[in-house]
Every structure is written in C-alpha cells, then in structure tokens.
Amino acid sequence: MESEYAISTHQLTKQYDRHIAVNQVDLQVEIGEVYGLIGPNGAGKTTLIRMLAAIEEPTTGEIYINGEQLLRDSSNPRLKQRLGYLPDDFPLYDDLTVWDYLDYFARLYLLKQPHRRYRLNDVLELVQLTSKRHSLISTLSRGMKQRLSLARTIIHEPMLLLLDEPVSGLDPIARMQFREIIKILQSAGMTILISSHVLSDLAELCTSIGIMELGYLVESASLKELYQRLSRQQIIISTLDPLETLETFLKNEPSVEGWERISGQNSLRVGFSGGSEESAALLRSLVIAGISISEFHCTQEDLEAIFLKLGHQQVS
Ligand SMILES: Nc1ncnc2c1ncn2[C@@H]1O[C@H](COP(=O)(O)OP(=O)(O)OP(=O)(O)O)[C@@H](O)[C@H]1O
C-alpha cells in the first residue's frame, strides 16, 4: 500500500518541549506529483520537510519513502541517496567556482569520472548556468545562486525532491525560471514537494496542495478537486450601455449569484453557478435583449481566493 506513494506518513508528530510543531500528520504524496505545502509562518512546514529529509527525528509516527520506512537512530543512507533536500537557508561557498562547488557535492555522492563530469554538464545546462561554470559563486545573482542550490540538490539524480520555500526573495523573472526547471524535473518523473508562500507559483506548478495550520495538515487534495469543490465560476461582463441596464437584466437570471462592479471600468464580475451551457445561454439572452456586450469572459476563483475561503490566513 505504502509503495504506491512517494511519501506516506502516519500520525507524524514533532514536539519541542511543550510545543507541538507537527501534529499527527497523515500525508500521502503519489509518485510523480508536484505537491505544494502552504500555510502561515510557524505552521510546521519546515519541521515536516526536515523530518521527511531525515534531518529531524520525529517524536512519534512513521515515514515511508517509496514504501520504505525511515528508521530511527539510523543515518538511512540508502533512502538519502534517493532524496534531494533544498533547505530554505542553505549556505553557498562564495569563494568556490560554480563547477568546483558542484563537483564537491558530486564527490560526496561518490559519483565517479567520467560520469561525474557528464552529470555536472547536464545539471548546469538544466539550471542554465553553463556559461557561469568558471565564475565565483560570490559574483552570481540571487536567482542564479538559487538555481545553483537546486543543481546541488539534484546532482545525484534523486527520485524525490523536497524544496523548502525555494522561490522566496526571488524577483518574478527568477521565479519563472525556477518554475520552468521544476516543470522539466517533473516531466522527467521526479516527485516534488515544495513549500511556498507564493500561491500563484504553486497554482501553476502543483498537482496537489496541502495546507498546514498550527502543526496540523488541515487540507490535502488534488488541485483539480480543490477547484471543483471550492472555486466559484465567475464571468466578467463589460457593456457599452449603462451598468444599471445590465444589472437589471442579471437580477432575473437564476444562475447568477451576485456581482460586483469592477472599478474604473464599465464591467461587472458576476458570480455564476452554471456550467458552460448556461453561460452560453446567458450570453445569447443578453444579445437578444439588445444589451451591447463588449466583453464576456468566463474565469475561476484562484488558489488565493480558495485559501481565504477555507478560513486560513493569507500567506503572500
Ligand atoms: N528547533 C526548534 N526548537 C523549538 N521550537 C521550534 C524548533 N523548530 C521549529 N520550532 C517551532 O515549531 C513551529 C513550526 O515551525 P516551522 O519552522 O516548522 O514552521 P513553518 O511553517 O516552516 O514556518 P515559516 O513559514 O515561517 O518557515 C514554530 O512555532 C517554531 O517556533
């Protein structure tokens, strides 16, 4: 049963003195997923990830990685070989070159020549740092340093990647570059667990989302299921007529659940309970009623709206 999952935990708990940082967490992540972990500061995300990476001992509970149990009082060398862990504060050695830094880690993972050299070249190409291979780390931008950290994390070709807030502090372009690399790793078959405060990044990358709060995993579902269950459809309607004309018409439409005016535009954001057939029928009847429609655009509430609807704090 556990072997179906890249990660499976049972009642996983971590207690520091009297404070419970992770509380009876049952987490299941299927092989090949990109699983996003979100939650406010102090929710327990880092502690959970550190236990999965076998850096932190659980107080109670069990962890299975690809069906194999992480053992207490053991360095778990075989399992660690399959894991790549990127902490949120990993130090880089400023006075090494990019190549020497990666070569150092490849040696730690006992990669032999000529495979080590091939692997370094492949990884540098993936993280788009080939042209920087002879540069000192101190001369890299923050985004480049983060991509180098990722390169170090995957140098030994792990099956499972654990990334703790990898995009925090990066500008939008650097975040996009990082996301593109994650997508390539996923398509190569890696399972990836990623914690982030940037919900729009997770919405674009993840297949499933887990929400942590006060040490508990309070929600865990595929992104598709979350959207189906919690995301309302919305229609943006713009008109050349006075907004009141459109509003009067919408009052009699059964699938319309309310609306708000979009400031500065002659447009409404309409909450809508129907599917695509009902929205097509609405557009038809607006046109038949002689209302001049300049925009009619169906959209869905995003991950941030879902997160707020669940009653959790906003995290970004
Ligand atoms: N070594 C430790 N000793 C005592 N308490 C700790 C320790 N590590 C974490 N905690 C506490 O456990 C709780 C969870 O911390 P954790 O860092 O896992 O949260 P987080 O969700 O990763 O937060 P953030 O988003 O700020 O990184 C916090 O209250 C923190 O103070």
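In the predicted model, 34% of the 316 residues of the chain count as buried. The C-alpha trace of the chain spans about 75 × 45 × 35 Å along its principal axes, and the chain is built from 11 helices and 15 strands. The domain assignment divides the chain into domain 1, covering residues 2-228, and domain 2, covering residues 232-300, and the centres of domain 1 and domain 2, taken over C-alpha atoms, are separated by 43 Å. When contacts between residues at least 6 apart in sequence are considered, 69% of them join residues that are at least 24 apart.

If residues up to four places away in sequence are left out, Leu162 touches Ile49, Leu52, Ala53, Leu83, Gly84, Tyr85 and Leu193.

The residues around the ligand are Tyr16, His19, Ala21, Gly39, Asn41, Gly42, Ala43, Gly44, Lys45, Thr46 and Thr47. Sorted by class, this shell has three nonpolar residues, seven polar residues and one charged residue. Strand S2 (19-25) and helix H1 (45-52) each supply at least two residues of the shell, and the largest share, three residues, comes from H1.

Several local features of the backbone also stand in the model. A cis peptide bond, with omega of about 5 degrees, joins Gln113 and Pro114, and Pro114 has its place in the loop between helix H3 (98-108) and helix H4 (115-126). The phi of Gln128 is near 55 degrees, a positive value in a residue other than glycine. Because Gln128 has 15 other C-beta atoms within 10 Å, this residue is partly exposed. A positive phi, of about 50 degrees, is also found at Gln11, although Gln11 is not a glycine. Gln11, however, lies in strand S1, which comprises residues 5-16. The count for Gln11 is 12 C-beta neighbours inside 10 Å, and Gln11 therefore counts as exposed, since a residue is classed in this way if 12 or fewer such atoms lie within that distance.

Glu244 has its place in helix H9, which comprises residues 243-250. Because Glu244 has 8 C-beta neighbours inside 10 Å, this residue counts as exposed. Glu244 and Leu226 are 18 residues apart in sequence, and their C-alpha atoms are 34 Å apart in space. H10 is followed by Gly290, whose phi is positive and near 85 degrees.

Terms used
Residues numbered from 1 in each chain as written. Predicted model: local features only at pLDDT ≥ 70, side-chain atom pairs only at ≥ 80, totals over all residues. Domains from an automatic or database assignment. Helix = DSSP H or I, 4+ residues; strand = E, 2+ residues; numbered from the N terminus. Buried ≥ 20, exposed ≤ 12 C-beta atoms within 10 Å, placed from the backbone. Contact = placed C-beta atoms within 7 Å. Near = placed C-beta within 6 Å. Nonpolar A, V, L, I, M, F, W, Y, C, P; charged D, E, K, R; others polar.
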